[in-house]
Each structure stands twice: as C-alpha cells, then as structure tokens.
Amino acid sequence: MLKIFKAIALSSTFLFLFNFNSFSQAKPAFWDDIQAIKQYDRIYAPPKDPILFIGSSSIRLWVDFTKTFKDYPVLNRGIGGAVTADVDRYLEDIVFPYHPKQLIIYVGENDLINATSGDEVFASFKKLYTDIRAKLPIVPIVYLAIKASPSRVQYLSKGIKANQLVQQFLKGEKNTVFLDIYKPMFDKKGEMQPKLFKEDMLHMNATGYAIWNKLLMPYLKK
C-alpha cells in the first residue's frame with residue numbers, strides 16, 4: 001500500500017511540474033514584458049489620457065523621450081523586438097486601459113524578416129488598425145513609415161511595398177496620418193546614412209531621432 005501511495009504522489013508531482021512547465025512554455029512572446037509594465041503602472045501612475053507611443057524598439061528606445069516631449073502628456077509603451085501581431089495581441093494591456101487621446105505607432109520593420117512580402121506586412125497592420133478602431137473609433141493615429149535600416153537592406157523592397165500599401169489605405173481613413181520618415185532619412189543622393197544609427201546599424205542614435213522629432217512634433221495633440 002505504501003508503495004502505491006508513493007507512486008501516486010510521485011505521479012501527481014510529475015503531473016504538476018509538467019503542467020507548470022507547459023504553462024511556462026505556452027506563454028506568448030513578451031508576456032513577461034507586459035507583466036513588468038503592469039507592475040510599473042501599479043507603482044507609478046501613467047498620465048491621464050496620454051499621447052501613447054506603441055510599437056517596437058524604435059519606440060521603446062526613443063532618445064530623450066521624456067525631455068523631447070516634455071510639453072505633452074506622453075507615454076511610451078514600445079516593446080523591443082515586437083512584430084505587429086505582438087502589439088495587436090496586447091492591445092487590452094498596453095493601449096485600451098490608458099484611454100489615449102492620440103496614438104503614435106511604429107511597427108512593421110521586424111515583420112519584414114519573416115514576411116513573404118510587403119502585402120503580408122500590410123495585412124498584419126490592417127488587422128492591428130481594425131482591432132484598435134473597434135474600441136477607439138475616433139482617436140487620432142499617426143503611423144510612422146517603416147524606416148530603411150542599413151543592417152536590413154535585404155528587406156528594403158518589402159518595406160517599400162508595405163509603406164505604399166499602408167499609406168494608400170490610410171488615405172481613406174479618418175483621423176489618421178501616414179508620416180513619411182523613410183525618405184527624410186536618406187541623403188541628397190538617395191543613399192542611407194549610417195551616421196543616423198548606432199553600431200548595429202538598426203537602432204537609431206540621437207541624430208536619427210532628431211529627424212523623427214522634427215517631423216512628428218507638428219502632429220502631436222496638446
């Protein structure tokens with residue numbers, strides 16, 4: 001009988017550990033990041049009705065973000081490494097609870113790596129946009145075009161196509177702006193400028209962000 005009891009106990013322990021590990025492995029990408037954001041919000045109250053910046057690392061790593069936009073109620077909720085579907089997955093966590101008065105979006109560049117085409121990147125954006133509009137039908141949205149990064153030159157054609165499709169789509173939508181930061185980041189010869197990027201030739205330095213700041217500022221809501 002003791003052996004049977006030990007066997008049952010061992011089996012139960014194994015089953016618990018298996019289920020725990022399965023849960024851990026089943027967590028979606030960036031789940032831990034989202035929990036960290038929620039914990040941060042419990043300690044430091046976010047601004048009321050903010051201008052909310054969402055997207056990937058170009059949002060998260062925005063140089064001098066608070067200083068640059070000190071005259072605006074801004075909130076940065078970028079997720080480094082995120083693709084469009086990741087941002088879409090967490091709308092209930094990092095968008096809707098804040099009741100933003102404006103959304104600034106930069107996402108899609110990471111999608112280029114695995115997407116078969118620019119059309120696929122656009123399709124992901126359209127789903128994200130549709131899901132946002134389902135709960136925020138009139139909130140102004142500024143979409144920053146996918147930039148050209150020297151380290152990802154092989155994906156350039158997909159990025160160009162995605163930008164074209166997003167721009168065309170947003171022309172038919174109210175309270176939206178397609179902000180072209182793509183062309184202004186090239187030099188007068190139409191070539192990429194490594195001086196705008198950090199050593200990884202993917203993430204921008206302060207000089208690169210200065211271009212974005214100048215272009216974006218006129219569209220921010222007071």
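Predicted model: local features only at pLDDT ≥ 70, side-chain atom pairs only at ≥ 80, totals over all residues.
Residues are numbered from 1 along each chain as its sequence is written, and side-chain values use heavy atoms, with hydrogens and water left out.

**Exercise 1.** Determine where Asn163 lies, whether it is buried or exposed, and which residues it touches.

*Solution.* Step one: locate the residue. Asn163 belongs to helix α8 (residues 156-171); helices (H or I, at least four residues) and strands (E, at least two) are DSSP runs, numbered from the N terminus. Step two: apply the cut-offs. Buried means under 20% relative accessible area, exposed over 50%, and partly exposed in between (1.4 Å probe, protein chains only). Because its relative accessible area is 6%, Asn163 is buried. Step three: list the contacts (heavy atoms within 4.5 Å). Leaving aside residues up to four places away in sequence, Asn163 touches Ala145, Ile146, Phe178 and Tyr182.

**Exercise 2.** Describe the second largest pocket by its volume, its lining and the classes of its lining residues.

*Solution.* Step one: define the term. On a 1 Å grid over the protein atoms alone, a pocket is an open set of points where a 1.4 Å probe fits, with protein on both sides within 12 Å along at least five of seven lines; lining residues have an atom within 4 Å of a point. Step two: state the volume, which is the space filled by probe spheres set on the points, with grid points joined across faces, edges and corners. The second largest pocket holds about 160 Å³. Step three: examine the lining. Among its residues are Asn163, Ala145, Phe178 and Tyr182, and α8 gives the most, with 4 residues. Step four: sort by class. Ala, Val, Leu, Ile, Met, Phe, Trp, Tyr, Cys and Pro count as nonpolar, Asp, Glu, Lys and Arg as charged, and the others, Gly among them, as polar. The lining has 4 nonpolar, 3 polar and 2 charged residues.
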